[in-house]
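Please look over the sequence and the model shown here before reading the notes that follow. They are grouped by topic, for a reader new to this structure.

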Amino acid sequence: MTTASGFADLGLSAAVQKALSRIGYEQPSPIQAASIPHILAGKDILGTAQTGTGKTAAFALPTLSRINLKNTNPQVLVLAPTRELAIQVAEAFQNYASDLKGFHVLPIYGGSSMQNQLRMLKRGVQVIVGTPGRVMDHMRRGTLKLDNLQTVVLDEADEMLRMGFIDDINWILEHKPETCQVALFSATMPGPIRKIASTYLKDPQVVKIEAETATVERISQRYWKAVGTPKLDALTRILEVENFDGVIIFVRTKTLTVELSDKLEARGHSAAAINGDLSQQLRERTIEQLKKGKIDILVATDVAARGIDVSRVSHVINYDIPYDTEAYVHRIGRTGRAGRDGNAILFVAPRERRMLRAIEQATRQVITPMELPSREQVQERRIDQFKDELDKALSADLAQFNGIVSQFSQERDADAEQIAAALLYLIQQDKPLILPEGGKSERPRRDESIGFEDRPPREKKERHPRPDFDGEAIAMERFRIAVGHDHQVKPGDIVGAIANEADLSSAYIGRIKLHDEYSTVDLPAGMPKEVQNLLKGVRVRNHPLQLELEGPADDFVPGAPKPRRPSRGGPSKHQRSRSDNGDSRRRHSRNKPSGGPKPRS
Ligand code: AMP
């Protein structure tokens, strides 16, 4: 097995490096390269990093490298704003620790069985990833002891602030061992987060990846919101209608370069993979093939595509978003060469929206949104291509075939047009020219078959569109909850409880009005019964919410397609706004002079 060579100099443990090469990471992302050595050295870190920059590995890899597996007491505590992120981070730890024997990580959050958590804690875990409320709960009960703690990580600190966890975080940090290292990661640094940093971080190393500005000319840039359709399907559709010559598709891992190029080959494209595992010679040979038109599509990692200069590359597709703006500029610079025009397409998952804005700022260009090609467009394109092929075939030597057709025509009494149609029917069966109707919608749907063979496995995807992307407004309903001023409840407590328990993005939680004995909260209309029932029993400051529907709210949450019925609640927190502290509420109220939901401090 090859090693993840780009990580070799960072000082990570051998077991962690082995896992990385198996996973297929080639090089550390900038935030990883900047943070890992400091965290390994036991220093405190103040990192400005958002989702998608690789920040999870930036703290998981070095802390894992320092763990003492013989000690089964918690050594690393990660605080995360939501249940979903806690699970995701715990999964990442598990993945990176797959070569660490006897390693255990436990996600702890409200709503999951306390019994289970207690059992796991008793058995012994080295890493805890939890939401602040539940972590505090365990600490108070004495079921979570931090005596052996080496590192506390605050992940998405600004989100935790936004969700009302600031007091809990302070309480937890006050109870950590004096010598414990603290790593604080946040996309933004609002005042209260800076205060935490100045109170609890000792001489912190400040890690910030500065975006350099760069201009990219002659390249038309578009992005597709990667929601609702698996990325592979989207890519296939795009490749059907785009007028491309050569294409470079960028992905994050070596493994994916191979997987994706195999899948494209299976769909009839001539594609090849290049990644850091290939020898220089093989890499050059593959690039030469692209140059000569023997292959049209190259699926590459950043490392492998460095410096490629092939003028027929008409398109760069960022299948996985790059870690930073510099990588983006470098990637798209592979097209638009030798005075030709280039096209860059970027797939942006809802949670990666910040990176999109950062790229626009750095390149000082607007990246325009694109729709996936519709069924009609794909069909039209297939028919056009077929006509072109037919045209070419007309100039071939057809004498012998003419004979067969006229013989057939006489024998079966069929006219030439009918025979031609029948031949066409036969030829197009693998790649149908007439695509099945997909209902009213012009836009391709996730389950709409358009005749792609070898349907891909479902990709892990965002479950719901996020509210920040433009779309229709969603109607809200007003609910009454049985907690208010009398119970010392703050709006943040309510947002935190509902967001966590109903797995609902906090950005979808509308206006909250506190009264003495009760309060009202606006939530997206049409909440499934089972979620309402679940929320009835949720406790805030130890009082059950007893949520009850009052009626329609006069507010709308603008800018969001109506969320579909989720498994447990509304749109997942995973897609919630990751903008500055409290701004989603401010944004909502902007459209509503009557006073929408108020920002919380
Ligand atoms: P995060 O910012 O932690 O949410 O990570 C974003 C994504 O990047 C995750 O899917 C990681 O698996 C992936 N990732 C993180 N570091 C690397 C790396 N060095 N090489 C390739 N992929 C990575």
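Among the 14 residues around the ligand, those that come nearest are Tyr25, Gly52, Thr56, Arg252 and Tyr323, where a residue is near a molecule or strand if one of its heavy atoms lies within 4 Å of it. This is a predicted model, in which local features need pLDDT of at least 70 and side-chain atom pairs count only at pLDDT 80 or more, while totals for chains, interfaces and linings use all residues. Residues are numbered from 1 along each chain as its sequence is written, and side-chain values use heavy atoms, with hydrogens and water left out.

**The ligand and its shell**

- An oxygen atom of the ligand is 2.5 Å from an N or O atom in the side chain of tyrosine 25, and an oxygen atom of the ligand is 2.6 Å from an N or O atom in the side chain of threonine 56.
- The protein covers 82% of the 500 Å² of accessible area that the ligand has on its own, with areas taken from the Shrake-Rupley method with a 1.4 Å probe.
- The shell around the ligand is made up of three nonpolar, eight polar and three charged residues; here Ala, Val, Leu, Ile, Met, Phe, Trp, Tyr, Cys and Pro count as nonpolar, Asp, Glu, Lys and Arg as charged, and the others, Gly among them, as polar.
- At least three residues of this shell come from each of domain 1 (7-208) and domain 2 (219-373), the bounds being those of an automatic or database domain assignment.

- Seven strands form an open sheet with parallel pairing, in the order 10-11-9-12-13-8-14; strands (E, at least two residues) and helices (H or I, at least four) are DSSP runs, numbered from the N terminus, and two strands pair if DSSP finds at least two bridges between them.
- The edge strands, each pairing on one side only, are strand 10 (271-274) and strand 14 (368-369).
- Strand 8 (residues 219-225) is joined to strand 14 by two bridges, and with strand 13 (residues 342-348) strand 8 pairs in the parallel sense over seven bridges.
- Arginine 222 stands opposite threonine 368 in strand 14, and has isoleucine 345 as its bridge partner in strand 13.
- Five of the seven residues of strand 8 are buried, that is, under 20% relative accessible area, whereas exposed means over 50% and partly exposed in between (1.4 Å probe, protein chains only).

**Glutamate 156**

- Glutamate 156 lies in the loop between strand 5 (151-154) and helix 7 (157-162), and is buried, with a relative accessible area of 5%.
- The C-alpha atoms of glutamate 156 and alanine 187 are separated by 6.6 Å, although the two residues are 31 residues apart along the chain.

Terms used:
A polar contact is a pair of N or O atoms within 3.5 Å; within protein, one must be able to donate a hydrogen and the other to accept it, and residues adjacent in sequence count only if both atoms are side-chain atoms.
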